[in-house]
Amino acid sequence: MEDRQFIMERIPHRPPFLWIDRVKAISEDRILAEKYVSTDLDLFQGHYPEQPILPGVLVCEALFQTGALLISEIINRDDNSEGASVPEGIPVLTRIQGAKFKRGIYPGDNLELEVKLSEKMGPAWFMKGIARVKGNTSVKVEFACTLKT
């Protein structure tokens with residue numbers, strides 16, 4: 001399991017806008033990560049303070065950051081292979097499609113983040129993400145990134 005330092009070495013996001021705490025597993029085309037939803041996040045003071053819920057857009061952001069981390073690992077792997085020519089840059093979100101919000105995520109929840117690479121076409125990386133709490137799907141989204149130099 002990889003920690004926050006591992007993450008911060010690979011993507012440009014930083015607290016308070018880093019939405020991944022640890023990486024559980026990475027394979028050729030898939031990554032599993034986690035984010036603990038702290039009960040003392042400032043945003044809960046204004047987002048339904050009597051019944052706090054993590055905004056869906058931030059759950060999507062956690063998935064997008066997880067996807068960026070997967071891209072970083074794929075690029076690093078390819079860069080280390082013999083004769084590889086890998087483009088420079090950071091992954092930037094270029095498309096969000098089919099976001100579905102199925103269950104809420106609340107203070108104290110442990111968010112499980114899974115992103116799979118569906119396809120790479122030229123500079124575009126197409127991915128599918130699922131956020132779960134206790135094995136139950138909370139958010140599903142398809143998205144794409146390209147590398148910005």
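Author: Two strands are taken to pair if DSSP finds at least two bridges between them. In this predicted model, the bridge partner of Arg95 is Ala144 in E6. E3 and E6 are paired in the antiparallel sense, over nine bridges.

These two strands belong to an open sheet of six strands, in the order E1-E2-E4-E5-E6-E3, with antiparallel pairing. Strand E1 (22-26) and strand E3 (90-101) stand at its edges; each has a single partner strand, so one side of each lacks a neighbour in the sheet. Direction ignored, neighbouring strands are turned by 25° against each other on average.

Helix H2 packs on this sheet and touches E1, E2, E3, E4, E5 and E6. The direction of H2 makes about 55° with that of E4. Because 18 of its 24 residues are buried, H2 is largely enclosed by the rest of the structure.

The largest nonpolar core has 38 residues, among which Ile7, Leu54, Leu111 and Trp125 touch the most other members. At least two residues of this core come from each of helix H1 (4-8), strand E2 (30-36), helix H2 (56-79), strand E4 (110-121), strand E5 (124-133) and strand E6 (136-148). The greatest contribution is that of H2, with 12 residues. Beyond its neighbours within four places in sequence, Ile7 is in contact with Leu18, Ile20, Asp21, Arg22, Val23 and Leu69.

How values were computed. Residues numbered from 1 in each chain as written. Predicted model: local features only at pLDDT ≥ 70, side-chain atom pairs only at ≥ 80, totals over all residues. Heavy atoms only, no water. Core = buried A, V, L, I, M, F, W, Y, C linked by side-chain atoms within 4.5 Å. Buried < 20%, exposed > 50% of the residue type's maximum accessible area, 1.4 Å probe, protein only. Helix = DSSP H or I, 4+ residues; strand = E, 2+ residues; numbered from the N terminus. Contact = heavy atoms within 4.5 Å. Axes fitted to C-alpha atoms, helices over the stretch in contact; angles between N-to-C directions.
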